[in-house]
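Welcome, and thanks for opening the viewer. Let's take a walk from stop to stop, selecting as we go.

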Amino acid sequence: RSDSGGVKIGAHSVAGDAHHSSLDANKVAHQLIEQQKQLMAEQSALLARLENLNLSAAFASDGEQQCNSTSEPETDPDDEGFPWVSGTVLLVGCGFLLRLTLTEIEIFTKKLSHESEVQTNIPLGEFLQYRLDYYFSATQWAKPLLLLGVTFILILVSSIILMMLLGDSLAAAMWKAWTYVADPGTHADTDGTFGRIIAFGTTIGGMLVFALMIGVISDSIGEKVDELKKGKSKVIEARHTLVLGWSEKGLAILRQLALANESEGGKPIVVLCEQSKEDMEEMLRAAESSKDDGLKLHGSRVIFRSGNPLAEHDLIKVSAPKARSIIALSPDGLEPDAADSRMVRQVLSLQKIKQTGDGLSGHIVVELQDVDNKALVQMVGKGDVEVIVSHDLIGRMMLLSARSPWLATVLDDLMGFDGSEFYLKHWPELVGKPFGSVLYRFDNAVPVGVKVAKTQRIMLNPPDDMILQDADEILVLAEDDDSYTLNDQDIQDYEGSRPESDVVQKKEAEKPPEKLLFCGWRRDMADMICELDYDVPPKSELWLFNNVPMEARAMKLLDKGNKSQLKLKNITMKHVVGNPVIRRELISLVEVSDGNNKEADGFDVGDRTGRREVLNYFTSILILSDCSEDHEEVNSEASDSRSVATTLIIQDIQRGISERKHALGEVCELSPPISEILDSRTRSLMQLINKEGYQGYVLSNHLVASALAMVSEDRYMNKVYGELLSCQGNQIQIRKARDYINIGKREPLSFWDVACLARMSEEIAIGYIPVPDSSQETDKPEVRLNPENKSELRIWNAQDRIIVIAMCRQAKYKHELRAARSKAESDLYKQFSSGGNEVPIHGWLKKLNSGKENEMDNDDHWRDRLCFVMNGKMAYASEKKKGETEPVCDLAKIRSIQPGNGWPPGYNTFKLEIEGAKSTIFSAPTPQECGKWILVLSRHLKS
């Protein structure tokens with residue numbers, strides 16, 4: 001105080017001196033500033049001294065003020081009155097634990113009462129372990145709920161102890177216990193021994209709880225990752241292609257689908273199968289990285305999901321209702337009927353999804369193994385299903401390729417999206433024009449047919465005078481759907497400029513009988529034989545060479561009683577029992593008897609008849625993928641090995657025959673063998689041993705996969721290929737150039753010129769196979785479908801071949817027969833109706849000659865007659881005297897008319913009971929015509 005007072009007195013004296021002196025004002029101000037600085041320095045020293053003397057008191061005072069300042073604003077609402085939040089949590093938690101405990105006690109007492117009857121005891125520990133295992137397996141929330149319960153009990157116990165020992169409120173005690181559990185560092189500020197013990201114990205429990213929680217979270221994340229790896233998640237896609245199931249054709253289907261969508265940058269492809277997602281993705285990566293013809297997706301994405309294709313929830317998971325097309329693959333390793341039954345269930349599952357409201361936005365392509373089950377799947381599918389019978393498809397292709405070796409190469413190029421394929425498109429500019437004028441309107445495509453909008457029918461090779469209607473679509477052969485456009489060309493530019501001398505009218509000569517050899521056995525052998533019998537000339541022979549015993553062949557051809565007896569018109573079957581892989585048995589084929597003509601030839605079943613045949617007399621040789629009794633379970637590699645071996649042996653035998661014939665100066669034309677192979681890796685081997693230029697094999701799985709992919713992209717392709725590969729409509733045929741061109745004139749002609757000449761024979765040229773010249777690096781001919789420069793002139797060789805779409809022999813015969821019948825029917829109607837006679841109905845009917853119903857399934861017992869009703873009588877047109885009639889009966893004498901019951905298949909029969917005469921059975925061409933006849937005749941019945 002004295003020092004401070006002295007300082008003040010000094011300041012006042014200085015100010016007084018300044019007042020009474022004559023010093024300048026600025027000097028006085030400077031002195032005052034210096035004095036103030038000195039004063040502040042002395043004050044700082046004084047404060048430092050006081051701070052050293054009263055340090056502990058200052059700290060205590062500051063701590064008290066800080067506690068007061070922090071505690072005042074953060075007041076817990078639960079401390080004011082009743083703790084609602086803490087109480088609610090406590091009541092809910094305790095109530096749940098109490099209910100769970102009472103439930104478990106009740107279960108435990110019941111089990112004790114049950115076990116007492118058999119005098120056994122249940123340890124409490126084992127019971128708790130058993131119930132814990134039950135909860136873990138019953139619900140996925142068992143682990144989180146267990147951790148939550150342990151955490152609640154730990155906080156509850158700690159809160160009670162804190163309330164009892166430290167006197168905290170309920171809310172404060174629960175919050176402090178939670179901080180001990182959640183943050184291990186919180187207990188460091190706890191005072192007192194008991195408080196620290198409680199905090200330490202609670203913190204240790206919290207660490208264990210959070211460690212378990214981290215484990216549960218880690219397991220949940222791992223399970224979710226495993227679920228994603230296994231393909232259990234839902235697919236979020238639309239307008240994708242869905243493949244159900246998996247087989248050896250799977251990779252080939254992916255390849256074709258990727259090629260189909262290459263121009264659009266690729267599209268998603270979803271695969272649902274029972275194999276694991278990881279294995280499927282590994283297989284896809286291996287296929288993509290393969291150096292031997294690796295798989296290229298061209299921008300498409302393949303999404304695998306693991307599940308049951310028959311289960312509805314798995315179908316929903318892969319967005320089946322939103323798929324633009326669905327391919328259902330027949331499973332490998334099952335019997336044909338079992339596999340087809342699975343396909344029926346597959347279609348039913350998809351139909352169930354359609355009926356539940358989700359619907360189906362695309363069509364279903366189903367692969368079957370037995371053609372007899374096709375009608376059942378189509379009935380279940382209700383118009384949404386396109387059926388492809390793999391064995392039937394390959395069997396047809398084998399038959400066509402065997403009788404025309406170059407056809408195997410053409411079909412291999414035509415099926416799939418590697419080169420040119422068929423496309424449908426509507427062209428408004430062509431409405432009202434005849435089809436004949438459309439043939440030359442596309443520079444980069446070849447029109448081959450029309451899709452009639454009214455009937456949704458595909459007409460291949462339609463007549464030139466067919467007028468295109470609104471919404472009709474043109475079927476063309478093109479490289480892609482956007483690779484062709486209309487030009488301004490007209491048919492008159494070609495027909496008007498062709499001199500008549502250049503046109504060589506191709507005459508349909510009577511084909512000689514054929515002799516075919518089948519090496520090996522197929523499950524659908526009976527279907528192949530029936531198809532072949534329909535197309536070959538009469539008196540043809542079919543030799544079956546395999547190791548199936550004669551006693552078993554009859555049952556195999558009848559398919560264990562599921563098929564009827566073969567009724568062949570044009571083929572005579574010859575049987576040879578042996579192994580096609582053994583050379584000595586192939587050199588000379590020895591016929592064995594089937595026992596059908598025992599009385600005539602005296603041979604029992606399996607006896608050798610003594611007739612021999614050598615390979616150079618066969619017009620076609622077919623090597624089938626052997627599935628006889630000894631080889632039913634073999635894989636594709638073993639089957640292909642036998643096919644390759646048989647092919648090499650036959651080629652070597654034919655080579656020796658040819659050399660001997662040439663040495664004698666004789667001309668020898670040998671038929672090359674056509675082999676069926678299953679594995680795509682065998683393709684390179686077959687290309688190595690076939691040196692004639694044409695493809696001497698049919699790759700079964702590849703072609704079936706191509707067909708499935710093409711029908712998946714456009715369902716109408718099933719009708720197109722169904723007709724092209726059958727013997728009952730238009731086919732792809734290989735003609736020689738001299739059938740259309742005057743080769744001797746050596747006049748340059750373009751492909752358009754050849755197409756115009758082919759059209760004069762009611763055929764459509766779609767490509768050609770030129771003979772290689774000396775300028776080419778290879779001596780193997782090249783198949784040119786939909787040639788690029790169709791106007792380019794070239795000199796045609798006699799060995800050049802033209803690829804055409806033409807009506808097959810039987811279809812052409814039926815077409816001509818229908819035309820002749822229609823003309824005869826029209827002439828007859830004009831003749832009888834011109835005299836004022838009433839002719840309510842007329843048409844062709846088949847009459848059963850014998851009248852015996854047990855002979856109705858034999859075609860030989862039926863006779864086609866042109867029938868009509870006139871002047872109260874039913875009559876035939878006379879076959880002997882033109883313009884005259886032969887009476888059947890008076891309509892008044894018909895006692896009853898009995899419609900047929902659908903047997904035999906393909907016949908629409910009705911039976912007339914005539915008074916005073918035998919009953920007569922008729923068959924109409926269609927059910928509608930049968931109904932018309934019954935309706936007209938029934939008007940004359942008395943009852």
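In which helix does D226 lie? Select D226 and you will find it in helix 8; helices (H or I, at least four residues) and strands (E, at least two) are DSSP runs, numbered from the N terminus.

Before moving on, a word on what you are looking at. This is a predicted model, where local features need pLDDT of at least 70 and side-chain atom pairs count only at pLDDT 80 or more, while totals for chains, interfaces and linings use all residues. Residues are numbered from 1 along each chain as its sequence is written, and side-chain values use heavy atoms, with hydrogens and water left out.

**The whole protein**

Zoom out. The secondary structure comes to 27 helices and 29 strands. Of the 943 residues, 44% count as buried; buried means under 20% relative accessible area, exposed means over 50%, and partly exposed is in between (1.4 Å probe, protein chains only). The accessible surface is about 51,300 Å², and 53% of it belongs to carbon and sulfur atoms. Such areas come from the Shrake-Rupley method with a 1.4 Å probe, and for residues only the protein chains shown count as cover. Among contacts (heavy atoms within 4.5 Å) with a separation of 6 or more, 70% are between residues 24 or more positions apart.

**A negative patch**

Helix 8 (193-229) and helix 10 (277-289) each supply at least two of the patch residues. D226 counts as partly exposed because its relative accessible area is 39%.

Patches are made of residues with over 30% relative accessible area and no salt bridge, joining like charges within 9 Å and nonpolar side chains (Val, Leu, Ile, Met, Phe, Trp, Tyr) within 5 Å. A salt bridge is a side-chain nitrogen of Lys or Arg within 4 Å of a carboxyl oxygen of Asp or Glu.

**A nonpolar patch**

Now select I153, V157, I160, I161, M164, L165, L166 and F194, which make a nonpolar surface patch of about 760 Å². Helix 6 (residues 142-166) gives the most, with seven residues. F194 lies in helix 8, and F194 is exposed because its relative accessible area is 57%.

Select T647 in helix 21 (residues 636-663). Buried or exposed? T647 counts as buried because its relative accessibility is 0%. Not counting residues up to four places away in sequence, T647 touches I623, P673, S675, M686 and I689.

Next, V536 sits in the loop between helix 17 (525-535) and strand 12 (540-546). V536 is also buried, with a relative accessible area of 0%. Show K511 too: its C-alpha atom is 8.7 Å from that of V536, although the two residues are 25 apart along the chain.

**Two positive phi values**

Most residues other than glycine have a negative phi. H298, however, has a phi near 55°, a positive value. You will find H298 in the loop between helix 10 and strand 3 (301-306), partly exposed at 30% relative accessible area.

Finish at N461, whose phi is near 50°, also positive in a residue other than glycine. N461 is in the loop between strand 9 (457-460) and strand 10 (473-478), and N461 is buried, with a relative accessible area of 10%.
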